[in-house]
Amino acid sequence: MNETKPRRLKINILRYDPHQKGDTPRIETFEIEEAPGMTLFIVLNDIREHYDASLKFDFVCRAGICGSCGMIINGKPGLACSTLTSKLPEEIDLAPLPVFELIGDLSVFTGKWMRGMNERLETWIHNKEDEIRDIHRLEKPMEPELAEEIYELDRCIECGCCIAGCGTIQMNENFVGAVGMNKIARYALDPRDKRDDADYYELIGDENGVFGCMTLLGCEDVCPKKLPLQSKIAYLRRQMAKIGMKKQE
(Lines give C-alpha, C1' and ligand atoms only; values in the text may rest on other atoms or scores of the structure.)
Protein backbone atom coordinates (compact mmCIF):
# COMPACT_ATOMS: atom_id res chain seq x y z
CA MET A 1 0.00 0.00 0.00
CA ASN A 2 1.49 3.30 -1.12
CA GLU A 3 1.05 6.19 1.25
CA THR A 4 1.33 9.70 -0.16
CA LYS A 5 3.99 11.68 1.62
CA PRO A 6 2.56 14.89 3.17
CA ARG A 7 3.45 18.06 1.36
CA ARG A 8 5.86 20.49 2.95
CA LEU A 9 4.20 23.91 2.78
CA LYS A 10 6.27 27.05 2.46
CA ILE A 11 4.38 29.94 4.08
CA ASN A 12 5.62 33.44 3.23
CA ILE A 13 4.13 36.04 5.57
CA LEU A 14 4.43 39.82 5.30
CA ARG A 15 5.47 40.94 8.79
CA TYR A 16 5.27 44.52 10.03
CA ASP A 17 4.20 46.16 13.29
CA PRO A 18 3.56 49.89 12.73
CA HIS A 19 3.42 50.43 16.49
CA GLN A 20 6.91 49.05 17.08
CA LYS A 21 9.55 51.73 16.68
CA GLY A 22 12.08 50.91 13.99
CA ASP A 23 10.18 47.95 12.58
CA THR A 24 10.18 47.61 8.80
CA PRO A 25 8.06 45.46 6.42
CA ARG A 26 9.68 42.11 5.64
CA ILE A 27 8.81 38.63 4.44
CA GLU A 28 9.31 35.75 6.89
CA THR A 29 9.05 32.16 5.74
CA PHE A 30 7.89 29.15 7.73
CA GLU A 31 7.75 25.51 6.64
CA ILE A 32 4.81 23.41 7.82
CA GLU A 33 3.94 19.80 7.13
CA GLU A 34 0.48 19.61 5.60
CA ALA A 35 -2.20 17.56 7.34
CA PRO A 36 -5.53 16.27 5.96
CA GLY A 37 -8.26 18.92 6.07
CA MET A 38 -5.76 21.63 7.04
CA THR A 39 -6.86 25.25 6.70
CA LEU A 40 -4.76 28.39 6.76
CA PHE A 41 -6.20 29.09 10.20
CA ILE A 42 -4.64 25.83 11.44
CA VAL A 43 -1.37 26.72 9.70
CA LEU A 44 -1.18 30.14 11.35
CA ASN A 45 -1.99 28.72 14.78
CA ASP A 46 0.71 26.11 14.30
CA ILE A 47 3.21 28.82 13.40
CA ARG A 48 2.25 30.90 16.41
CA GLU A 49 2.36 27.93 18.77
CA HIS A 50 5.58 26.28 17.59
CA TYR A 51 7.62 28.90 15.72
CA ASP A 52 6.78 32.51 16.52
CA ALA A 53 4.31 33.51 19.25
CA SER A 54 4.50 37.16 18.16
CA LEU A 55 2.68 36.53 14.85
CA LYS A 56 -0.44 38.69 14.68
CA PHE A 57 -3.63 37.58 12.94
CA ASP A 58 -7.32 37.66 13.82
CA PHE A 59 -9.90 34.94 14.36
CA VAL A 60 -13.07 34.36 16.36
CA CYS A 61 -15.54 31.82 14.97
CA ARG A 62 -13.29 29.56 12.85
CA ALA A 63 -16.42 28.82 10.78
CA GLY A 64 -16.50 31.56 8.13
CA ILE A 65 -19.23 33.63 9.80
CA CYS A 66 -17.38 36.33 11.76
CA GLY A 67 -15.13 37.68 8.99
CA SER A 68 -12.20 38.29 11.35
CA CYS A 69 -9.55 36.26 9.51
CA GLY A 70 -9.70 38.05 6.17
CA MET A 71 -6.30 38.42 4.50
CA ILE A 72 -4.59 38.38 1.11
CA ILE A 73 -3.95 34.76 0.12
CA ASN A 74 -1.69 34.39 -2.92
CA GLY A 75 -2.77 37.80 -4.13
CA LYS A 76 -6.50 37.33 -3.54
CA PRO A 77 -8.64 38.35 -0.52
CA GLY A 78 -10.08 35.41 1.40
CA LEU A 79 -10.80 33.92 4.83
CA ALA A 80 -8.05 31.88 6.46
CA CYS A 81 -10.50 29.66 8.35
CA SER A 82 -12.31 28.47 5.22
CA THR A 83 -9.32 28.19 2.89
CA LEU A 84 -8.03 24.64 2.60
CA THR A 85 -4.30 24.29 1.99
CA SER A 86 -5.09 21.39 -0.34
CA LYS A 87 -6.58 23.93 -2.74
CA LEU A 88 -3.36 25.94 -2.78
CA PRO A 89 0.16 25.34 -4.14
CA GLU A 90 2.98 24.32 -1.82
CA GLU A 91 4.20 27.92 -1.58
CA ILE A 92 1.65 30.30 -0.05
CA ASP A 93 2.01 34.08 0.27
CA LEU A 94 0.01 35.85 3.01
CA ALA A 95 -0.42 39.60 3.52
CA PRO A 96 -2.87 41.86 5.40
CA LEU A 97 -5.93 43.28 3.67
CA PRO A 98 -5.20 46.71 2.15
CA VAL A 99 -7.30 49.86 2.80
CA PHE A 100 -7.90 49.07 6.48
CA GLU A 101 -5.79 50.32 9.38
CA LEU A 102 -2.95 47.88 10.06
CA ILE A 103 -2.65 46.57 13.61
CA GLY A 104 0.31 44.33 12.84
CA ASP A 105 1.34 41.51 10.48
CA LEU A 106 -1.93 39.99 9.16
CA SER A 107 -4.20 41.81 11.62
CA VAL A 108 -6.20 44.84 10.42
CA PHE A 109 -8.85 47.03 12.04
CA THR A 110 -11.84 46.41 9.75
CA GLY A 111 -14.28 47.45 12.48
CA LYS A 112 -13.21 51.10 12.36
CA TRP A 113 -13.87 51.35 8.61
CA MET A 114 -17.13 49.39 8.82
CA ARG A 115 -18.48 51.48 11.65
CA GLY A 116 -17.74 54.70 9.75
CA MET A 117 -19.48 53.30 6.66
CA ASN A 118 -22.55 52.20 8.62
CA GLU A 119 -22.88 55.56 10.35
CA ARG A 120 -22.44 57.39 7.05
CA LEU A 121 -25.10 55.30 5.27
CA GLU A 122 -27.42 55.18 8.31
CA THR A 123 -27.79 51.42 8.12
CA TRP A 124 -30.68 50.99 10.51
CA ILE A 125 -34.46 50.93 10.20
CA HIS A 126 -35.84 54.44 9.70
CA ASN A 127 -39.35 54.52 11.05
CA LYS A 128 -41.93 57.09 12.03
CA GLU A 129 -41.44 58.64 15.45
CA ASP A 130 -44.82 57.48 16.82
CA GLU A 131 -44.15 53.90 15.68
CA ILE A 132 -40.77 53.88 17.41
CA ARG A 133 -42.26 55.02 20.70
CA ASP A 134 -45.14 52.52 20.67
CA ILE A 135 -43.50 49.46 22.22
CA HIS A 136 -46.79 47.52 22.15
CA ARG A 137 -47.28 47.92 18.41
CA LEU A 138 -47.05 44.64 16.48
CA GLU A 139 -45.05 44.49 13.28
CA LYS A 140 -46.91 43.64 10.11
CA PRO A 141 -46.27 40.10 8.83
CA MET A 142 -43.70 39.82 6.04
CA GLU A 143 -43.99 37.49 3.09
CA PRO A 144 -41.52 34.58 3.43
CA GLU A 145 -40.07 35.26 -0.03
CA LEU A 146 -39.28 38.87 0.91
CA ALA A 147 -37.86 37.86 4.28
CA GLU A 148 -35.62 35.36 2.51
CA GLU A 149 -34.42 38.02 0.05
CA ILE A 150 -33.57 40.37 2.91
CA TYR A 151 -31.83 37.57 4.80
CA GLU A 152 -29.73 36.77 1.74
CA LEU A 153 -28.21 40.27 1.86
CA ASP A 154 -28.00 40.20 5.67
CA ARG A 155 -25.54 37.30 5.38
CA CYS A 156 -22.75 39.85 4.84
CA ILE A 157 -20.14 39.32 7.56
CA GLU A 158 -18.25 42.59 6.94
CA CYS A 159 -15.00 40.69 6.46
CA GLY A 160 -13.57 43.40 4.20
CA CYS A 161 -12.68 41.08 1.31
CA CYS A 162 -14.85 43.01 -1.16
CA ILE A 163 -13.18 46.27 -0.11
CA ALA A 164 -9.71 44.76 -0.49
CA GLY A 165 -10.64 43.48 -3.96
CA CYS A 166 -12.16 46.77 -5.14
CA GLY A 167 -10.29 48.79 -7.76
CA THR A 168 -12.31 51.97 -7.20
CA ILE A 169 -11.50 52.30 -3.52
CA GLN A 170 -7.79 52.17 -4.31
CA MET A 171 -8.29 55.51 -6.08
CA ASN A 172 -11.15 56.97 -4.03
CA GLU A 173 -10.91 56.40 -0.29
CA ASN A 174 -14.43 57.82 0.19
CA PHE A 175 -16.04 55.11 -1.94
CA VAL A 176 -18.56 53.11 0.14
CA GLY A 177 -17.75 49.88 -1.66
CA ALA A 178 -19.89 46.84 -2.34
CA VAL A 179 -20.47 46.26 1.36
CA GLY A 180 -22.03 49.72 1.67
CA MET A 181 -24.25 49.34 -1.38
CA ASN A 182 -25.29 45.88 -0.22
CA LYS A 183 -26.45 47.50 3.03
CA ILE A 184 -28.54 50.06 1.13
CA ALA A 185 -30.07 47.33 -1.05
CA ARG A 186 -31.01 45.43 2.09
CA TYR A 187 -32.85 48.38 3.67
CA ALA A 188 -34.45 49.37 0.38
CA LEU A 189 -36.12 45.94 0.40
CA ASP A 190 -37.31 46.17 4.00
CA PRO A 191 -40.93 47.41 4.24
CA ARG A 192 -40.28 48.57 7.81
CA ASP A 193 -37.86 51.22 6.54
CA LYS A 194 -39.82 54.29 5.47
CA ARG A 195 -37.10 55.83 3.30
CA ASP A 196 -37.55 56.00 -0.48
CA ASP A 197 -35.16 56.07 -3.43
CA ALA A 198 -34.78 59.84 -3.14
CA ASP A 199 -33.49 59.40 0.41
CA TYR A 200 -31.04 56.72 -0.70
CA TYR A 201 -29.91 58.95 -3.55
CA GLU A 202 -28.62 61.44 -0.99
CA LEU A 203 -26.46 58.67 0.47
CA ILE A 204 -25.10 56.84 -2.60
CA GLY A 205 -26.14 58.87 -5.67
CA ASP A 206 -22.65 60.18 -6.50
CA GLU A 207 -19.11 59.07 -7.35
CA ASN A 208 -18.61 57.88 -3.78
CA GLY A 209 -21.58 55.55 -4.24
CA VAL A 210 -23.10 53.66 -7.18
CA PHE A 211 -21.76 56.01 -9.87
CA GLY A 212 -18.19 55.55 -8.68
CA CYS A 213 -18.25 51.79 -9.24
CA MET A 214 -16.17 50.82 -12.28
CA THR A 215 -18.04 47.50 -12.55
CA LEU A 216 -14.86 45.44 -12.34
CA LEU A 217 -16.80 43.21 -9.92
CA GLY A 218 -13.75 42.13 -7.97
CA CYS A 219 -16.10 42.36 -4.98
CA GLU A 220 -18.33 39.53 -6.19
CA ASP A 221 -15.35 37.45 -7.27
CA VAL A 222 -13.86 37.43 -3.75
CA CYS A 223 -16.98 37.52 -1.53
CA PRO A 224 -16.70 34.44 0.73
CA LYS A 225 -20.49 34.36 1.26
CA LYS A 226 -21.21 34.53 -2.50
CA LEU A 227 -23.62 37.46 -2.14
CA PRO A 228 -25.36 38.75 -5.31
CA LEU A 229 -23.37 41.99 -5.30
CA GLN A 230 -23.36 42.42 -9.08
CA SER A 231 -27.14 42.37 -9.44
CA LYS A 232 -27.75 44.60 -6.41
CA ILE A 233 -25.25 47.23 -7.52
CA ALA A 234 -26.82 47.23 -11.00
CA TYR A 235 -30.30 47.57 -9.48
CA LEU A 236 -29.26 50.48 -7.27
CA ARG A 237 -27.54 52.21 -10.17
CA ARG A 238 -30.74 52.03 -12.25
CA GLN A 239 -32.84 53.38 -9.38
CA MET A 240 -30.41 56.19 -8.57
CA ALA A 241 -30.15 57.14 -12.27
CA LYS A 242 -33.95 57.57 -12.38
CA ILE A 243 -33.84 59.88 -9.36
CA GLY A 244 -30.93 61.82 -10.82
CA MET A 245 -32.78 62.42 -14.10
CA LYS A 246 -35.87 63.62 -12.21
CA LYS A 247 -33.73 66.11 -10.30
CA GLN A 248 -32.47 67.55 -13.60
CA GLU A 249 -35.95 68.04 -15.10
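Strand 4 is the top contributor to the lining of the second largest pocket, giving 4 residues (strands being DSSP runs of E with at least two residues, helices runs of H or I with at least four, both numbered from the N terminus). The model is predicted, so to speak of local features takes a pLDDT of at least 70 and side-chain atom pairs count only at pLDDT 80 or more, while totals for chains, interfaces and linings use all residues. Residues are numbered from 1 along each chain as its sequence is written, and side-chain values use heavy atoms, with hydrogens and water left out.

The second largest pocket has a volume of about 250 Å³. A pocket here is an open set of points on a 1 Å grid over the protein atoms alone, where a 1.4 Å probe fits and protein lies on both sides within 12 Å along at least five of seven lines; lining residues have an atom within 4 Å of a point. Points are joined across faces, edges and corners, and the volume is the space filled by probe spheres set on them. There are 13 lining residues, with Lys76, Pro77, Gly78, Leu79 and Thr83 nearest the centre. Strand 4 (76–79) and helix 9 (218–222) are the elements that give two or more residues to this lining. By class, the lining splits into 7 nonpolar, 3 polar and 3 charged residues (nonpolar: Ala, Val, Leu, Ile, Met, Phe, Trp, Tyr, Cys and Pro; charged: Asp, Glu, Lys and Arg; polar: the others, Gly among them).

Now to helix 7 and its partners. The axes of helix 2 (residues 110–121) and helix 7 (residues 177–189) come within 10 Å and cross at roughly 40° (axes are lines fitted to C-alpha atoms over the stretch in contact, and angles run from 0 to 180 degrees between N-to-C directions). Helix 2 and helix 7 are therefore oblique to each other (under 35 degrees counts as roughly parallel, over 145 as roughly antiparallel, 65 to 115 as roughly perpendicular, the rest as oblique). The crossing is right-handed, that is, the near helix is turned clockwise from the far one by less than a right angle, with anticlockwise being left-handed. Helix 2 brings Trp113, Met114, Met117, Asn118 and Leu121 to the contact, and helix 7 brings Val179, Gly180, Lys183 and Ile184 (contact meaning heavy atoms within 4.5 Å).

Helix 4 (residues 144–154) and helix 7 have axes that come within 9 Å and cross at roughly 165°, so this pair is roughly antiparallel. Their crossing is left-handed. The contact of helix 4 with helix 7 has 5 nonpolar, 1 polar and 3 charged residues.

Helix 7 also packs with helix 10 (residues 229–248), at about 70° with the axes 9 Å apart; the two are therefore roughly perpendicular. This crossing of helix 7 and helix 10 is left-handed.
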